[in-house]
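Please keep the sequence and the model in view while reading.

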Amino acid sequence: MELDGNPVDLDQVQALALVNYGHFTSMRVEGRTGVRGLNLHLDRLTRDCRTVFDSELDPERIRMLVRHALNGTDKVVVVRVTVFDPQLDLGHIGAGAQPRVLVTLREAPHTPVGPVRLQSAVYSRDLPRAKHIGLFGALHQRRTAQRNGYDDVVFTTADGTLTEIATSNIGFIDTDGRLIWPRADVLPGITMRLISQTRDEDVLTAPITLAQLPQFVAAVATNAAVGVRAVSSIDETDWPAGHDMIGVLRKEYEAIPPERI
């Protein structure tokens, strides 16, 4: 764990727990310095820094800090880059910010990861198009789903229109083998965008409701840590985890060449 390239002490990071205001991106690093969609991750950080802090962020400095934190590790890891200002407090959150960069590493999960069972819940993240650190609501919904025997939660609007999984995007495969993303106010995930770019067809989006789920033949969850993961069910609707298109999407994603940090 490093803050601006230096070891971190408790006083510097306590704002993450006590104020909980900032944004981040997580990326899977393979081959020491390779990241699929690295420039998209950097674009996300600079865009969200303007939104959250009204401040600019230097993407080249982010690359340097990530390289420093990796320190030549041979492991496949998930690197999280968190941008926050330790000097902001709850009573003066509108003060001018001087964002700092926290880089943390954790061992990446082995892929492919097994299928996931989802429970639906009516919920919308604050500022959904930014990847901010305010995760309490989403994690509370995930905990509720897991306590009910599911693996994770998928959010819907009040009328049952699907949006996103707690920390992943979701896509659906129709009877013609087409991948369709929910047309909704969601976080534009990096893995979702990369998969869309690899498809030799138009990127399809549509409003998708819980009532329409039986019309689809398969579903996938996508995020940077695990890539493409089969969704085996949402509530009472089940799908085969081994549908051919899931394997196709996974191979297309894994064939994307990593960018060097």
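Contact here means heavy atoms within 4.5 Å. Leaving aside neighbours within four places in sequence, Ile62 is in contact with Leu42, Leu45, Leu57, Val81 and Val101.

The model is predicted: local features need pLDDT of at least 70, side-chain atom pairs count only at pLDDT 80 or more, and totals for chains, interfaces and linings use all residues. Residues are numbered from 1 along each chain as its sequence is written, and side-chain values use heavy atoms, with hydrogens and water left out.

**Cores**

A nonpolar core is a set of buried Ala, Val, Leu, Ile, Met, Phe, Trp, Tyr and Cys residues joined through side-chain atoms within 4.5 Å. Buried means under 20% relative accessible area, exposed over 50%, and partly exposed in between (1.4 Å probe, protein chains only). The largest core has 23 residues, and Val29, Ile62, Val79 and Val81 have the most contacts inside it. Two or more residues each come from β3 (22-29), α2, α3 (59-70), β5 (77-84) and β6 (100-107). The top contributor is α2, with six residues. Helices (H or I, at least four residues) and strands (E, at least two) are DSSP runs, numbered from the N terminus. A second, separate core of 17 residues includes Leu40, Ala218, Val220 and Ala230.

**Helix α5**

In α5 (residues 190-198), the buried residues are Ile190, Thr191, Met192, Leu194, Ile195 and Ser196. Their cover includes α2 (38-53), β10 (169-173), β11 (179-182), β13 (218-223), β14 (227-234) and α6 (244-254).

**Pockets**

A pocket is an open set of points on a 1 Å grid over the protein atoms alone, where a 1.4 Å probe fits, with protein on both sides within 12 Å along at least five of seven lines; lining residues have an atom within 4 Å of a point. Grid points are joined across faces, edges and corners, and a volume is the space filled by probe spheres set on the points.

| Largest | about 760 Å³ | Lys131, Thr167, Ser168, Asn223, Ala225 |

The largest pocket is lined by 41 residues.

**Pro99**

Pro99 sits in the loop between β5 and β6. Is Pro99 buried or exposed? Pro99 is buried, because its relative accessible area is 18%. Not counting residues up to four places away in sequence, Pro99 touches Cys49, Phe53, Ser55, Val83, Phe84 and Asp85.
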